[in-house]
Every structure is written in structure tokens, then in C-alpha cells.
Amino acid sequence: MKLELVTNEEINMLHSKFKKFNTHLVEEPSKLYNHIGIMDVYNRVLTEEEASELLGRSHNLKYGAKFVSTFTNLFHIEENEVYVHIYKKGLGKEVFKYILSCLNRVEANLFRKLFSNSKGIYKIGDVEALIFLTKLSVDELYFANFFFPSLDTVIIGNYELSFPFYSKTKIGFKMCKEIIEENGLFIRQ
């Protein structure tokens with residue numbers, strides 16, 4: 001798995017394009033992004049009854065592969081220029097240990113490495129690393145912010161396979177939407 005800390009040049013490029021790395025903490029994303037939606041298995045918000053019936057561990061197992069294939073397709077469009085922000089605050093020792101216990105040895109070592117320094121922005125260097133990070137979000141172990149600079153888009157891992165999706169341009173939004181829909185998912189607004 002290839003995951004590298006970003007260079008200062010890459011940080012400057014990402015900051016000038018996206019302004020914030022902790023995108024999941026932005027209270028009013030519409031001030032930064034023109035096109036906002038939720039990448040989801042369903043094309044509408046579920047009722048409480050539907051949610052209690054349909055969502056949960058089996059839901060993530062059933063549909064997780066669609067998210068992995070979507071991220072993989074986006075990775076290939078980006079020509080390996082995908083970045084991830086790992087938000088390191090608020091992860092206690094017990095949660096950290098729990099996450100490690102859910103991973104195989106190679107994955108656990110990589111996860112430890114992500115938290116071994118104070119920086120939190122990495123360039124994803126291969127599909128294997130992308131799949132690992134995507135599965136962390138799909139399995140609801142750890143959520144990351146994925147930056148796709150050439151598409152001017154950020155996708156944020158989230159619970160119940162409802163990933164916030166922010167794009168600065170109509171072109172980036174449309175390209176991502178096509179790939180998302182080709183993989184059997186939806187962008188609901």
C-alpha cells in the first residue's frame with residue numbers, strides 16, 4: 001500500500017482549491033461549494049421505519065463494494081491524484097485499539113503509521129491504499145475526507161453509507177455523478 005505525506009507544494013495547492021481540510025466540520029458547505037449532495041444507496045431520505053428496517057451492518061456489507069468501485073473509478077480518472085485528510089483529534093485510545101482489532105496485520109500497521117506524526121494529509125499512491133481507506137469509512141471504523149483536485153470535489157466518509165459530496169464546479173459534479181450512478185449509487189440533494 002502506497003500512502004505518502006503530502007509536500008508543502010501539494011498542501012498549498014489543496015488549500016488554495018479547497019480552503020479547508022476538515023471538510024466534515026464545515027457548518028455551511030454551500031459557502032465553499034456550489035454543488036452539494038449525498039452519495040447514497042437510496043435516491044431519497046428514508047423514513048425512520050425504513051431506516052430501522054434497512055440500515056445496519058448487513059446494509060454496509062451488501063452495498064460496500066459499490067462504494068469501493070466508485071472510489072476506484074474516481075481514482076483512475078484523477079490519474080492517481082487523490083488525497084485524504086485524516087482527522088486525528090478526538091480518537092481516544094480505546095477506539096484506536098478497537099479499530100486496530102478489526103484490521104489485519106498489514107492494515108493495522110498502516111493505520112498506526114497514519115497516526116505516527118502530527119500531519120494528517122496524505123497522497124494516495126495506489127488502488128490498494130484507496131480501497132483500504134474507503135473500507136474504513138464503509139465499515140464505519142474511521143471516516144476520512146477524500147479530495148479529488150482535478151474534479152474539484154470532496155467526498156466525506158459517513159455513517160450508513162450516506163457520504164456527503166461537495167463539488168466546486170458543475171463539470172466535476174457531473175463527472176462524479178456519472179461514475180457514481182454507473183456504480184449503482186445516487187447523489188441525492
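How many helices and strands does the secondary structure of the protein come to? In this predicted model, the protein has seven helices and eight strands. Its radius of gyration is 16 Å, close to the 16 Å given by the globule rule for 189 residues, so the protein is as compact as a globular protein of that length. Taken along the principal axes, the box filled by the C-alpha atoms is roughly 40 × 35 × 30 Å. Of the 189 residues, 47% count as buried. Among the contacts in the protein with a separation of 6 or more, 71% are accounted for by residues 24 or more positions apart.

The packing of helices is considered next. Two packed helices are described by the angle between their axes and by the distance between the axes. For helix α4 (residues 93-101) and α5, the axes come within 9 Å and cross at roughly 150°. Because angles over 145 degrees count as roughly antiparallel, α4 is roughly antiparallel to α5. On the α4 side the contact is made by F96, I99 and L100, and on the α5 side by A108, F111 and R112. By class, the residues of this contact of α4 with α5 comprise five nonpolar, no polar and one charged.

Helix α5 (residues 105-114) also packs against helix α6 (residues 127-138), where the axes come within 12 Å and cross at roughly 85°. An angle of 65 to 115 degrees counts as roughly perpendicular, and α5 and α6 are therefore roughly perpendicular to each other. Helix α5 contributes E107, L110, F111 and L114 to the contact, while α6 contributes F132, L133 and L136. Six nonpolar residues, no polar residues and one charged residue make up the contact of α5 with α6.

The length of α6 can be checked against its number of residues. At 1.5 Å a residue, the twelve residues of α6 should span 16 Å, and the end C-alpha atoms of α6 are 16 Å apart, which agrees. The buried residues of α6 are A129, L130, F132, L133, T134, L136, S137 and V138.

Just after α6, E140 takes a positive phi of about 60°. E140 is a residue other than glycine, and it is found in the loop between α6 and β5 (145-148). With a relative accessibility of 28%, E140 counts as partly exposed, since that label covers values between the limits of 20% and 50%. A positive phi in a residue other than glycine is also found at L161, where the value is near 55°. L161 is in the loop between β6 (153-156) and β7 (163-167). In contrast to the partly exposed E140, L161 is buried, with a relative accessible area of 0%.

Two further positions illustrate buried sites within helices. T70 has its place in helix α3 (residues 57-77). The relative accessible area of T70 is 0%, so T70 is buried. Not counting residues up to four places away in sequence, T70 touches M39, I179, I180, N183 and L185. G172 is found in helix α7 (residues 170-182). At 3% relative accessibility, G172 counts as buried, because buried means under 20% relative accessible area. When neighbours within four places in sequence are left aside, G172 is in contact with L151, T153 and S167. G172 and D152 are 20 residues apart in sequence, and their C-alpha atoms are 5.9 Å apart in space.

One of the residues in contact with G172 is L151, which lies in the loop between β5 and β6. L151 has a relative accessibility of 2% and counts as buried. L151 and C176 are 25 residues apart in sequence, with a C-alpha to C-alpha distance of 7.7 Å.

How values were computed
Residues are numbered from 1 along each chain as its sequence is written. This is a predicted model: local features need pLDDT of at least 70, side-chain atom pairs count only at pLDDT 80 or more; totals for chains, interfaces and linings use all residues. Side-chain values use heavy atoms; hydrogens and water are left out. Axes are lines fitted to C-alpha atoms, for helices over the stretch in contact, and angles run from 0 to 180 degrees between N-to-C directions. Helices (H or I, at least four residues) and strands (E, at least two) are DSSP runs, numbered from the N terminus. Angles under 35 degrees count as roughly parallel, over 145 as roughly antiparallel, 65 to 115 as roughly perpendicular and the rest as oblique. Contact means heavy atoms within 4.5 Å. Ala, Val, Leu, Ile, Met, Phe, Trp, Tyr, Cys and Pro count as nonpolar, Asp, Glu, Lys and Arg as charged, and the others, Gly among them, as polar. The expected span of a helix is 1.5 Å times one less than its number of residues. Buried means under 20% relative accessible area, exposed over 50%, partly exposed in between (1.4 Å probe, protein chains only). The radius of gyration is taken over C-alpha atoms; the globule rule is 2.2 Å times the number of residues to the power 0.38.
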